[in-house]
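Here are some exercises to work through with the structure open beside you. Try each task before you read its solution.

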Amino acid sequence: MYFLVDPRDTVNAGYKASFEREGISSFALMPDEFLSWLRTASRTDLEAIQGFLLGDFEERAKCAGVIRKQSRAPIIALADLRSLEQTVELLEAGIDDVLPKPVHVREILARSEAIWRRVNGAVAGAEAAEETGGETRADRLKVFHDGRDPEIDGVPLSLPRRERHILEYLVRNRGRRLTKSQVFNVVYGVYSNGVEESVIEGHVSKLRKKLAERLGHDPIEAKRYMGYTYIG
């Protein structure tokens with residue numbers, strides 16, 4: 001889930017629609033509402049956020065400082081106008097990247113993932129995978145985190161947006177057990193209405209079957225009541 005902060009409803013609505021087209025959940029608040037929410041947000045809610053997108057408003061440097069005390073998720077600022085002075089100020093305030101508008105949501109996703117890998121020390125799947133027969137399992141499966149379908153042995157595997165997003169989340173957290181609630185919150189958002197958590201079971205079941213057919217083994221370990229682990 002991505003969190004959008006901008007005082008203009010049109011900006012928030014536009015980016016929410018763009019994220020939705022990529023199958024990514026998002027939630028938007030005005031700057032003053034966001035600071036109040038952030039100070040009282042639960043750990044579960046914060047862990048579901050994969051990135052913060054800050055529009056052009058006076059308090060965003062302050063917002064970045066408060067965010068960084070609560071979350072390690074990437075913080076990206078959008079700039080209405082190019083300004084070296086403003087860019088330097090925002091980076092010094094703790095914002096990870098500054099992008100001039102207009103910018104495609106896929107670029108935001110790709111930059112956010114690059115920041116996440118750098119800040120959180122995540123390793124590429126090939127480096128963490130167990131070697132089998134001269135190749136690594138993770139080498140066979142490659143995810144992109146930018147809206148593109150994953151590839152297995154260099155061949156794209158077409159997936160529905162929700163299944164692709166679940167796979168990306170599991171691969172990013174390789175070896176870590178993720179509960180059904182965690183997966184749901186990331187894929188559908190912490191404030192989704194009209195969707196039951198049980199829908200994740202169906203998504204994961206279909207995803208595991210498709211991966212097993214192409215890989216020859218099931219790379220996702222599922223344990224009832226405990227959750228899911230990507231083991232490669």
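A salt bridge here is a side-chain nitrogen of Lys or Arg within 4 Å of a carboxyl oxygen of Asp or Glu. This is a predicted model, in which local features need pLDDT of at least 70, side-chain atom pairs count only at pLDDT 80 or more, and totals for chains, interfaces and linings use all residues. Residues are numbered from 1 along each chain as its sequence is written, and side-chain values use heavy atoms, with hydrogens and water left out.

**Exercise 1.** Count the salt bridges, then look at how Glu107 pairs with Arg111.

*Solution.* Step one: the rule gives 17 salt bridges. Step two: in the bridge of Glu107 with Arg111, the closest N and O atoms are 2.8 Å apart. Helices (H or I, at least four residues) and strands (E, at least two) are DSSP runs, numbered from the N terminus.

**Exercise 2.** Describe how α10 packs with α11.

*Solution.* Begin with the geometry: α10 (residues 180-188) and α11 (residues 199-215) meet at an angle of about 90°, their axes 10 Å apart. Axes are lines fitted to C-alpha atoms, for helices over the stretch in contact, and angles run from 0 to 180 degrees between N-to-C directions. Therefore α10 is roughly perpendicular to α11 (65 to 115 degrees). Next, find the contact (heavy atoms within 4.5 Å): α10 brings Lys180, Val183, Phe184 and Tyr188, and α11 brings Val199, Ile200, Glu201 and His203. Finally, sort these residues by class: five are nonpolar, one is polar and two are charged. Ala, Val, Leu, Ile, Met, Phe, Trp, Tyr, Cys and Pro count as nonpolar, Asp, Glu, Lys and Arg as charged, and the others, Gly among them, as polar.

**Exercise 3.** Find the largest cavity and say which helix gives the most to its lining.

*Solution.* On a 1 Å grid over the protein atoms alone, a cavity is a set of points where a 1.4 Å probe fits but cannot get out, and lining residues have an atom within 4 Å of a point. Grid points are joined across faces, edges and corners, and a volume is the space filled by probe spheres set on the points. The largest cavity holds about 120 Å³ of space. Among its 13 lining residues, Tyr2, Gln50, His145, His165 and Glu168 are the closest to the centre. The helix you want is α9, with five residues.

Conventions
1 Å grid on protein atoms, 1.4 Å probe; cavity = no way out; pocket = protein on both sides within 12 Å on 5 of 7 lines; lining within 4 Å. Parallel < 35°, antiparallel > 145°, perpendicular 65-115°, else oblique.
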